Amino acid sequence: MEATAAGRLRYSRGAIILHWVTALFVLFNLVTGLFHHAIPKGIWAFHVSSGITILALTLIRILWRVMHPRPPYLPMAAWQRAMAHGVHFLLYCALLAAPLTGWAMISASVPRPAMQVAVDTAAPQPGPPPKPRQMRVWGVIPLPKLAPIVAIGEQPGGAEKLRAAHATFEARHGAVAWILIGLLALHIGGALKHQLIDRRRALARMGIGRPEPV
Ligand code: HEM
Ligand code: HEM
C-alpha cells in the first residue's frame with residue numbers, strides 16, 4: 001500500500017507495474033491462443049515465452065502482495081467487496097493454472113519417430129535421428145519438460161498414455177483460458193462500474209489518474 005504525502009491511497013508502485021505488465025502478456029496470450037490457427041507461426045512462437053513470463057511475474061507478484069498489503073477497498077456493499085476479493089483470488093489461481101497446464105501440455109508432447117521426421121523433411125536423414133529441439137524462453141532460458149510427465153512416457157505403453165495426458169492438459173488449458181476470460185469480464189466490468197457509474201476513482205487505485213484522498 002502507498003499512502004503519499006497528500007494522504008492518498010493506491011496500490012504500491014511495484015504492484016501497479018506488475019499488474020499492467022502482466023495484463024499486457026495475458027492479452028497477448030489470449031489473442032494468440034484463441035486465434036493460433038490464423039496468426040503467423042513467428043508470432044505463435046512467443047505464446048510459450050509470454051506464458052512462462054506470466055507464471056514468473058505472478059509468483060513475484062504474490063510475494064510482493066504478501067509484503068505490501070492492498071489499500072482498503074472503496075466504500076461498497078459487503079457482497080461487492082466479497083465478490084471483488086473472490087475474483088482477485090481466482091484471477092491469481094488462473095494466472096498460475098494457465099501457464100502450468102500449458103507447460104504440462106508441451107511436456108506431454110510425444111517425440112516424433114525418426115521416420116516421420118524424414119518424411120516431413122522430404123529427404124532421408126543420414127546418421128542418427130535428430131534430437132528434439134530444446135525449448136527456450138525468449139530464445140535464451142532453456143525450458144525443461146516437467147519430469148513427472150516425461151516419466152509417464154517411459155512406462156510400458158508410454159506413447160499412448162502420453163497422448164492421452166496431452167489431450168487432457170490441452171482440454172484443461174483451454175478451459176482455464178475461458179475461466180480467465182470470464183473472470184476478466186467480471187473484473188474489468190466491476191472496475192468500470194465503480195469508475196463510471198458510481199463515480200469513484202477506482203482506476204486511480206491501479207495507477208490511472210489521481211487517487212481519492214483518504
Ligand atoms: C489481463 C488483465 C488483468 C488481470 C490478470 C488483472 C488482475 C488483477 C488482480 C489479480 C488484481 C488484484 C490485486 C490485488 O489486490 O492483489 C487487480 C486489481 C485491479 N485491477 Fe486488474 N487485471 C487485469 C486487467 C485490468 C484492467 C483492463 C483494468 C481496468 C479496466 C483493471 C483494473 C484493476 C483495478 C482498478 C484494480 C484494483 C482493485 C481494487 O480497487 O482493489 N485490471 N487486477
Ligand atoms: C496465462 C498464460 C496463458 C494463456 C492465457 C494461454 C491461453 C491459451 C489459449 C486461449 C489457447 C487456445 C486454447 C484452445 O484452442 O482451446 C492456448 C493454446 C495453447 N497454449 Fe496457451 N496460454 C498460456 C500459457 C501457455 C504456456 C506457458 C504454454 C506452454 C509452455 C502454452 C502452450 C499452449 C499450446 C501448445 C497451445 C495449443 C494447443 C493446441 O494445439 O490446441 N500456453 N493457450
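Tutor: Ala, Val, Leu, Ile, Met, Phe, Trp, Tyr, Cys and Pro count as nonpolar, Asp, Glu, Lys and Arg as charged, and the others, Gly among them, as polar. This is a predicted model, in which local features need pLDDT of at least 70 and side-chain atom pairs count only at pLDDT 80 or more, while totals for chains, interfaces and linings use all residues. Residues are numbered from 1 along each chain as its sequence is written, and chains are lettered from A and ligands numbered from 1 in the order in which they are written.

The shell around ligand 2 consists of 13 nonpolar residues, eight polar ones and one charged. In total 22 residues surround ligand 2, a residue being near a molecule if its C-beta atom, placed from the backbone, lies within 6 Å of it. The closest are Gly33, Gly51, Gly102, Gly174 and Ala177. Helices H1 (13–34), H3 (46–67), H4 (78–107) and H7 (158–197) each provide at least two residues of this shell; helices are DSSP runs (H or I, at least four residues), numbered from the N terminus. The largest contribution, six residues, is that of H4.

Consider H1 next. Its buried residues include Ala15, Val26 and Asn29; buried means that 20 or more other C-beta atoms lie within 10 Å of the residue's own, and exposed that 12 or fewer do, with C-beta atoms placed from the backbone. These three lie on the same side of H1 because they cover an arc of only 65° around the axis, taken from the directions from the helix axis to the C-beta atoms. On the face turned away from the buried side, H1 carries the exposed residues Arg13, Trp20, Leu24 and Leu27. H3 is among the elements that cover the buried residues of H1.

In H7, the buried residues are Leu162, Ala165, His166, Phe169, His173, Val176, Leu180 and His194. Their cover includes H4 and helix H6 (147–153).

Val26 of H1 and Val176 and Leu180 of H7 also belong to the largest nonpolar core, together with Ile54, Leu57, Ala94, Leu95 and Ala98. Such a core is a set of buried Ala, Val, Leu, Ile, Met, Phe, Trp, Tyr and Cys residues joined through C-beta atoms within 7 Å. H3, H4 and H7 each supply at least two of its residues, and H4 has the largest share, three residues. Leaving aside residues up to four places away in sequence, Val176 touches Ala94, Ala97, Ala98 and Thr101, contact meaning C-beta atoms, placed from the backbone, within 7 Å.

How values were computed:
Two residues are in contact if their C-beta atoms, placed from the backbone, lie within 7 Å.
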